[in-house]
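Visitor: I have a structure open and a few quick questions about it. Can we go through them one by one?
Guide: Go ahead.

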Amino acid sequence: MTIHKAGYTNIAICILIIFLLNAVIQFYAPQAFVFKWLVYILSLVFFAGTIWFFRDPAIEIITNDKAILSPADGIVTAITQVDENEFAQGSYTKISITIALTDVRVNRSPMRGTIKHTQTNGHATVVIESKTGTIIVYRQLPGYTKHLVTYASKGGAITQGDQLGFAMGGSNVEVMLPADSPVSVQVNDAVKSGQTVLAKLKSS
């Protein structure tokens, strides 16, 4: 398991806070052994939790141009039919996934193609078009931190399973795909980023 690059600064800040806190306690309360050990334990838990949050475990991604893979770890919370007129024209199926704090936070591309559009405006939106013209829309919605991390660049080629971003705090992602694509998951299903097939493509 490695640490995701989105965590480097946060982990450095965590180490600095722990160092300063323990230095202050050691200076002002050197005889408070019980209190100091409590702080040491809490510091260790805080550091371990930060490392765990920014983990980036290695996974095997089996690419499949006839499938849409889940962009995130989490739980499917809604599957709805929507009319998409902003980034693509027509009827789309929107699959919403909630990412828990204990889930791996790395978001990955649901399919291979070219990035046709990116937008960050309260949420991060990435539009991907396959070589056969299928268009899907991936959207990362912010959690309580209101902070988005996305790596997509307009015009760039992307492979299925490539990293699209990192979900900070509790957050959700949405995938919109052509309405005629048979959906392979149901509400309340647990899904894995780059592994779970959300839907099949009729034309790919």
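Visitor: What does Arg-112 form a salt bridge with?
Guide: With Asp-65; the closest N and O atoms are 2.4 Å apart. This is a predicted model, so that distance comes from predicted coordinates.

Visitor: How exposed is Arg-112?
Guide: Partly exposed, at 39% relative accessibility. Asp-65 is also partly exposed, with a relative accessible area of 33%.

Visitor: How many salt bridges does the structure hold?
Guide: Six. One of them pairs Glu-174 with Arg-139, the closest N and O atoms being 3.7 Å apart. Glu-174 lies in strand 13 and Arg-139 in strand 9 (residues 135-141), so this pair ties together parts that are 35 residues apart in sequence.

Visitor: Is Glu-174 buried or exposed?
Guide: Glu-174 is at 11% relative accessibility; the cut-off for buried is under 20%, so Glu-174 counts as buried. Arg-139 is buried too, at 11%. Salt bridges with shared partners join Lys-94, Arg-139 and Glu-174 into one network.

Visitor: How many bridges join strand 5 to strand 13?
Guide: Eight, between residues 90-99 and residues 171-178, running antiparallel. Tyr-92 stands opposite Pro-178 in strand 13.

Visitor: Now helix 2. What span should its 21 residues have?
Guide: At 1.5 Å a residue, residues 33-53 should span 30 Å, and the end C-alpha atoms are 30 Å apart, which agrees.

Visitor: Which residues in helix 2 are buried?
Guide: Lys-36, Val-39, Ser-43, Thr-50 and Phe-53.

Visitor: What covers the buried residues of helix 2?
Guide: The cover includes helix 1 (8-28), strand 2 (55-56) and strand 12 (163-167).

Visitor: And which exposed residues does the face turned away from the buried side carry?
Guide: Phe-33, Val-34, Trp-37, Ile-41, Leu-44 and Val-45.

Definitions and conventions:
Residues numbered from 1 in each chain as written. Predicted model: local features only at pLDDT ≥ 70, side-chain atom pairs only at ≥ 80, totals over all residues. Heavy atoms only, no water. Helix = DSSP H or I, 4+ residues; strand = E, 2+ residues; numbered from the N terminus. Expected span 1.5 Å × (residues − 1). Buried < 20%, exposed > 50% of the residue type's maximum accessible area, 1.4 Å probe, protein only. Contact = heavy atoms within 4.5 Å. Pairing = 2+ DSSP bridges. Salt bridge = Lys/Arg side-chain N within 4 Å of Asp/Glu carboxyl O.
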